[in-house]
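Hello,

Here is the structure we talked about handing over. Please have it open while you read the notes below it.

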Amino acid sequence: MSSILRVQEALRALGLGHEVVDLGLSARTAADAAKAVGCQVDQIAKSLVFRLRESGRPLLVVTSGAHRVDEARVAALVGETLERADAAFVRTETGFAIGGVAPIGHAKPVLTLIDEHLLAFETIWAAAGHPNSVFRLTPAELVTMTGGRVVTVS
């Protein structure tokens, strides 16, 4: 099953009417995605995967497209040092390629943190399994869908 289809199936299973949108062009960066959907960069829910050094587990941080993750702050929150995840690790743990990591539909369960800044918006946009695809949702839906913990990540 393609990664986009996996995300669409996960969205359908939630029963909230979300649909994957094919932008027809790359939305690999938050700025590209914001331009394509006509929103602020802040409204892009950027999904970043880290490797937890001690346990080797993946950590998904869903942050605002305008923010950088403060790795020391996040490490303190989860109790482990963070390492940048390489492309192979991201694909193995989530089933997605870097640039298209969705907040849902992962190959395996992933510990998730959500940037509190995203909660300031009525709607946000997230990657849907491919750099050219996104879906629209509310911040509350993001929290519910992922089971993520809302924290300060920047």
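Predicted model: local features only at pLDDT ≥ 70, side-chain atom pairs only at ≥ 80, totals over all residues.

Residues are numbered from 1 along each chain as its sequence is written, and side-chain values use heavy atoms, with hydrogens and water left out.

Helix α2 spans residues 30-37, and A30, A33 and A34 are buried in it (buried is under 20% relative accessible area, 1.4 Å probe, protein chains only; helices are DSSP runs of H or I of at least four residues, strands runs of E of at least two, numbered from the N terminus). Seen down the axis, these buried residues fall within an arc of 100 degrees, so they line one face of α2 (the arc is taken from the directions from the helix axis to the C-beta atoms). They pack against β2 (44-52). After α2 comes G38, with a positive phi near 75 degrees.

S64 belongs to strand β3 (residues 58-64) and is buried, at 0% relative accessible area. A polar atom of the S64 side chain lies 2.9 Å from the backbone oxygen of D42.

H18 sits in the loop between α1 (3-14) and β1 (21-22) and counts as buried at 7% relative accessibility. Its C-alpha atom is 7.2 Å from that of L137, 119 residues apart along the chain.

Regards

Definitions and conventions
Buried < 20%, exposed > 50% of the residue type's maximum accessible area, 1.4 Å probe, protein only. Contact = heavy atoms within 4.5 Å. Polar contact = N/O pair within 3.5 Å; in protein donor to acceptor, adjacent residues only side chain to side chain.
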